[in-house]
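Dear colleague,

Please find the structure below, handed over for your records. The findings follow it.

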Amino acid sequence: MGLAKRIIPCLDVAEGRVVKGVQFEGLRDAGDPVEAARRYNQAGADELTFLDISASHEGRETMLHVVEAVAAEVFIPLTVGGGIRTLADVRRLLHAGADKVSINTAAVHHPERIKEMSDAVGSQCIVVAIDARRVSAEDEPPRWEIFTHGGRNPTGLDAIRWARHMADLGAGELLVTSMDRDGMQQGFDLELTRAISDVVPIPVIASGGVGNLEHLAEGILDGHADAVLAASIFHFGTHSISEAKAVMARAGIEVRD
Amino acid sequence: MQIAVVDYGMGNLRSVVKAIEHVAPSDAHVVLTDAPEVILNSEKVVFPGQGAAAQCMAKLEERQLPEALREAARTRPFLGICMGMQVLLDRSEENDGVDLLGWFPGQVKRFEPGDAHLKVPQMGWNQLHQAHEHPLFDGIRQDARFYFVHSYYCEPTDPSQSVATATYGQTYCAALADDFVFAIQAHPEKSADDGLTLLANFTRWSGPRS
């Protein structure tokens, strides 16, 4: 017995409201991120991730208040991502009560900031989000490239080398999302997850493509991930966190009861 | 009752303060402070911390805190969390070697798991195995899971001071205790109900029975 693999629900938040809502029995307000966080904590989520997709400056200010409110009553680790560019942004979120921040586009444009951020606040607070697409042809060895802007903009960066570079610069954890699989509900890109997890010394969170609970177990067993992140299968009430843990436990994965 | 949370510039303490406020008796008053006189004026002291050992020691010395902390820990309940546990030992391997506060004989070493699947830092929920009874464990079941984030671990010279262990590639000391001091490697403020129970127990603990 030892460290448990983690299940991390991810909530998209825009202008301080949960996008698309979260379906829990008896939930008063499906758009309230604090209530959603409280319910996920009660349901046994191991961590929570909030992705701020606010388009406006005001929306991001609102996010700070959301983080403060969640951190005041939900006592499990909280990661916040979305639009974080500078060390000042990182400090504001950590000060509001986030435990980790997830850096995406800023890492691509200014990789040196990952070192600056991790030196300043500690590696354990810095998650680098890696959005990748498979760019190799069918008959070639697999190759993935980093994309930004929701998978639209190619960067020319090789995803595996990039992952290693981010770990070298001081990332404490990597959130690996397959942009090919995201929203498809057909499972993670296990080859991608495994290729990255096997070459970095830091924990990897698999993301993008979960459609059923077996996919979560595959992410750990075949993708070699340390944690799995999912959104829609939990939010729409299709499956609960405890069902997910039961499926993982039956597959021989150590989970937190 | 005043509970001092020592703020010496090593990380976000909001969660620690909020979690203690959440569980403390209604007459408790939590203050975030780096002032030796405020610490010595408090009935209980919480000493959190995250980040690197060398920086942590530098910031403690900058604020002339080591002496006040030592005095506080001799005379009232004192809770070390994460880096606030590690710095209580003699010396750490981190940052090419750092002398620590030296309250507990022993060393702080880096995880070197032989198994490539064990990542460093260890990040997540591991089991806290209670090796000895302690009032802070009241109501927490054996091997309950707590949230850990660390790359280095404590190796006290006197195994009887290790009141809990965890296993990550190897079994290591996850909590230390001695008279008024209880120190834990995990983050009780991030460990859901069991973590809150431990913090609640601390706010009600008056130290060793004389």
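**The contact between the chains**

The contact between the two chains draws 28 residues from chain B and 26 residues from chain A, where two residues are in contact if their C-beta atoms, placed from the backbone, lie within 7 Å. On the side of chain B that touches chain A, at least two residues each come from α1 (14-23), β8 (122-130), β9 (144-150), β11 (162-168) and α6 (192-204) of chain B. Helices (H or I, at least four residues) and strands (E, at least two) are DSSP runs, numbered from the N terminus. β8(B) gives the largest share of that side, six residues. By class, the side of chain B that touches chain A has 10 nonpolar, 12 polar and six charged residues; Ala, Val, Leu, Ile, Met, Phe, Trp, Tyr, Cys and Pro count as nonpolar, Asp, Glu, Lys and Arg as charged, and the others, Gly among them, as polar.

**Basis of the model**

This is a predicted model, in which local features need pLDDT of at least 70, side-chain atom pairs count only at pLDDT 80 or more, and totals for chains, interfaces and linings use all residues. Residues are numbered from 1 along each chain as its sequence is written, while chains are lettered from A and ligands numbered from 1 in the order in which they are written. The model scores ipTM 0.94 and pTM 0.95. Chain B averages a pLDDT (the predictor's confidence in each residue, from 0 to 100) of 95, and 100% of its residues score at least 70.

**Helix pairs in chain A**

Helices α1 (residues 33-43) and α2 (residues 57-71) of chain A pack with their axes 9 Å apart, at an angle of about 35°. Axes are lines fitted to C-alpha atoms, for helices over the stretch in contact, and angles run from 0 to 180 degrees between N-to-C directions. In this pair, A:Pro33, A:Val34 and A:Ala37 of α1(A) meet A:Val66, A:Ala69 and A:Val70 of α2(A). The contact of α1(A) with α2(A) has six nonpolar, no polar and no charged residues.

The axes of α3 (residues 87-96) and α5 (residues 112-121) of chain A come within 10 Å and cross at roughly 35°. A:Leu87, A:Val90, A:Arg91 and A:Leu94 of α3(A) make this contact with A:Glu116, A:Met117, A:Ala120 and A:Val121 of α5(A). Here the residues divide into six nonpolar, no polar and two charged.

**Buried parts of chain A**

Six of the eight residues of helix α7 (residues 190-197) of chain A are buried, that is, 20 or more other C-beta atoms lie within 10 Å of their own, whereas a residue with 12 or fewer is exposed and one in between is partly exposed, with C-beta atoms placed from the backbone. They are A:Leu190, A:Leu192, A:Thr193, A:Ala195, A:Ile196 and A:Ser197. Among the elements they pack against are α6 (159-169) and β9 (173-178) of chain A.

A:Ala163 has its place in helix α6 of chain A. Why is A:Ala163 classed as buried? It is so classed because 27 other C-beta atoms lie within 10 Å. Leaving aside neighbours within four places in sequence, A:Ala163 is in contact with A:Ile130, A:Leu174, A:Ile196, A:Val199 and A:Val200.

A:Glu173 lies in strand β9 of chain A and is buried, because 27 other C-beta atoms are within 10 Å. Not counting residues up to four places away in sequence, A:Glu173 touches B:Met123 as well as A:Val127, A:Ile202, A:Pro203 and A:Ile205.

With kind regards
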